[in-house]
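Thanks, everyone. Please have a look at the model on the screen.

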Amino acid sequence: MQGRLERFLQDLGAARDLDGLTAAVRTLRDIFGVDHVVYHSVNAAGGQYAALTYSDEWVRRYIDLDYARIDPVVQGCFKRFNPVDWKRLDWSGKAQRAFLAEAIAHGVGRQGFSVPIRGPNGQFALFTVSDNRSDEDWAAYTEAHVRDLILVAHYVNQKALEIERGTDAVAMRALSPREIDALTLIAMGYSRGQAAESLSISEHTLRVYIESARFKLGAMNTTHAVARAMSSGMLVI
Amino acid sequence: MIHYLSGDDLPCHADLVSQMFRDRATQFRGRLGWDVTVDAAGQERDVYDDEGPLYVICEDAGHHAASMRFLPTTGRTMVNDHFADLTGGPVVSPLIWECTRFCLAPDAPRHVTAALLLGALDLGLRSGLTDAVGVFDMAMIRVYRRLGWPPTLIGERGGIGVGLWAFDGRFRAGLERRAKANCATA
């Protein structure tokens, strides 16, 4: 799956409009092996933006009836930043139970897992996977994939902001001097132990520098991060 | 009992939350002498409390006993705003959260520290995190070590340390034992 996610990030990088983003989200459905993938963004002015795999009929109905007002996933995630299994949300209201039944009838799935994303200037987005696995299988699935889901969620959001506002608005975050040091040594073939020793830091601290650099570079793993940093000229070796 | 409170959860637990802010005033201004702001109601708050944090709160016998505050490092954090010289630049990842304002109530029973750390570890494991980057009073390092989940120190200044906690399941059993064992004798 890691190789496919790396290729996905390359394709995502090439997306230039909402159609490109939607195509990328469809690919993600296959890679993650779930029934649906949904990216849904709301900016501070209330403008909505989505790339998803739900049926057109369900999307129309959701918009027409303004279901975002009562959807526990949107309401429950709006003010949080930790990922959440839909089972942990409050579905006890009458409107919410009816909404859930309708969503299931439209093929959304009985299980869901959503990653809230807080962007710049009050922008808020949700990245969701939904499915029909059993409770037990779903718990195992989300536990195994939560990190990939969180990273992909943030990379899709980054791309969506770029499309919406232009690349200038979302400049790639600069690597810190420590992160450049760490990646440079890894690129030179040092083991993590050797790299940590030559920087006089613990391996744990080194790992965190690499983790932070990986996110800033939009990469799925260390090798991918090193390749991206090299190709963009951030590392001088 | 451990509460995970953010956003709309806070008004539902207003009493517990205001006790936390009062205990923070007692600890950070009173006991540690940090330069923090305490309002007329005796509550210590800072700008990061306005960033929509998630509080992990240990409640004991109906009262705030211990708590800490988490924020995502993809947003505004104290570590990146004020301690970037110690960390060598901003640490940013959706898999790393910042942990600050570790607070114990003045009369907190001993076991709550382990219970709170266990609650934090479980939160990190459940949320798919790799690490927390924390700001803490250096004297607390001994406590964290004794409880079996020590931070890796990145740097310190004026008695305040910045360190990393790995969200690693192998720390769980030890914390759980201490959270329970001390409970029985508390």
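Some ground rules. This is a predicted model, where local features need pLDDT of at least 70 and side-chain atom pairs count only at pLDDT 80 or more, while totals for chains, interfaces and linings use all residues. Residues are numbered from 1 along each chain as its sequence is written, chains are lettered from A and ligands numbered from 1 in the order written, and side-chain values use heavy atoms, without hydrogens and water.

Start with strand β5 of chain A, residues 124-131. Strands here are DSSP E runs of at least two residues, helices H or I runs of at least four, both numbered from the N terminus. Is β5(A) enclosed or open? Eight of its eight residues are buried, so the rest of the structure largely encloses the strand. Buried means under 20% relative accessible area, exposed over 50%, partly exposed in between, with a 1.4 Å probe and protein chains only.

In a regular strand, side chains alternate between the two sheet faces. In β5(A), A:Phe124, A:Leu126, A:Thr128 and A:Ser130 point one way. A:Ala125, A:Phe127, A:Val129 and A:Asp131 point the other way.

Now the partners. Pairing needs at least two DSSP bridges between two strands. Strand β1(A), residues 36-42, runs antiparallel to β5(A) over seven bridges. There, A:Ser41 bridges to A:Ala125. Strand β4(A), residues 111-118, is also antiparallel to β5(A), over eight bridges. A:Phe113 has A:Val129 as its bridge partner.

Last, helix α10(A), residues 222-231, which holds A:Met230. That residue is partly exposed, at 41% relative accessible area. Thanks.
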